[in-house]
Amino acid sequence: MQDVPKGIPRPLVKTNQAFIVISVILTWLTGQHWILALPLFAGLLGLLFGYNPIIKLAAKFLTKERSHYVLEDWSQQQFNQTIAVFCLTGGLISFIAGWTIAAYIFTALVAVAATVAILGFCIGCFIHYQWRMYNYRRKQSSTH
């Protein structure tokens, strides 16, 4: 039996990112803050249960086998989703509490990060890499 790499096809990752961006923009345009709950709920399900309904729905539209797509690292995507959930939660809570500036900051952060990721640079990946390097250097300096 062959080991199947645990990865997420890139088109599914980009679909999830686009859903986040569209949800934030719709929230800004309509003032309907509950819209943020949709990507937030999908992200929480993905983090807690490994089931993101946006990704599952989009997977039905893949035209090739999973192995024919570039696979994004599952653990890296979990890290990125954690950041997105944090920002979406901060944005939703801030809108509900009437903290408009904080709400726009949180939602702008997640929208910009997802947009930049769609365009090819993953801010979450950069942060994750820097964090891992920091821990590695710290560990190395404590052993010497």
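Which element gives the most to the lining of the largest pocket? In this predicted model, that element is helix 4, with 8 residues. The largest pocket has a volume of about 640 Å³. It is lined by 33 residues, of which N16, I55, Q77, N80 and Q81 are the closest to its centre. Two or more lining residues come from each of strand 1 (7–9), helix 1, helix 3, helix 4, helix 5 and helix 6 (123–143).

Aromatic contacts were examined next. A pair of aromatic rings is described by the distance of the centres and the angle of the planes. The search of the whole structure finds 5 aromatic pairs. In one of them, F86 and F106, the ring centres are 5.9 Å apart and the planes stand at 80 degrees; an angle over 60 degrees counts as edge-to-face, so this pair is edge-to-face. The pair joins distant parts of the chain, since F86 belongs to helix 4 (residues 74–97) and F106 to helix 5 (residues 100–119), 20 residues apart. With a relative accessibility of 55%, F86 counts as exposed, because the cut-off for exposed is over 50%. F106 has a relative accessible area of 22% and is therefore partly exposed.

The rings of F121 and F126 form another pair, with centres 6.2 Å apart and planes at 45 degrees. This angle lies between the limits of 30 and 60 degrees, so the pair is tilted. F121 is partly exposed, at a relative accessible area of 46%, and F126 also counts as partly exposed, at 44%. Elsewhere, W28, F95 and Y104 are linked into a cluster by ring pairs. A contact between a charge and a ring is found at Y69, where the charged end of K64 sits over the ring, 4.9 Å from its centre.

Helix 2 was considered separately. This helix covers residues 37–49, which makes 13 residues. From its first C-alpha to its last, helix 2 reaches 17 Å, close to the 18 Å expected at 1.5 Å a residue. Its buried residues are P39, L40, A42, G43, L45 and G46. The cover over these buried residues includes helix 1 (10–30), helix 3 (53–59) and helix 4. After helix 2 comes G50, which has a positive phi, near 70 degrees.

Note on methods: Residues are numbered from 1 along each chain as its sequence is written. This is a predicted model: local features need pLDDT of at least 70, side-chain atom pairs count only at pLDDT 80 or more; totals for chains, interfaces and linings use all residues. Side-chain values use heavy atoms; hydrogens and water are left out. Rings of Phe, Tyr and Trp (its six-membered ring) pair if their centres lie within 6.5 Å; planes under 30 degrees apart count as stacked, over 60 as edge-to-face and the rest as tilted. Helices (H or I, at least four residues) and strands (E, at least two) are DSSP runs, numbered from the N terminus. Buried means under 20% relative accessible area, exposed over 50%, partly exposed in between (1.4 Å probe, protein chains only). A charge sits over a ring if NZ of Lys or CZ of Arg is within 6 Å of the ring centre and within 35 degrees of the ring normal. The expected span of a helix is 1.5 Å times one less than its number of residues. Contact means heavy atoms within 4.5 Å. On a 1 Å grid over the protein atoms alone, a cavity is a set of points where a 1.4 Å probe fits but cannot get out, and a pocket is an open set with protein on both sides within 12 Å along at least five of seven lines; lining residues have an atom within 4 Å of a point. Grid points are joined across faces, edges and corners, and a volume is the space filled by probe spheres set on the points.
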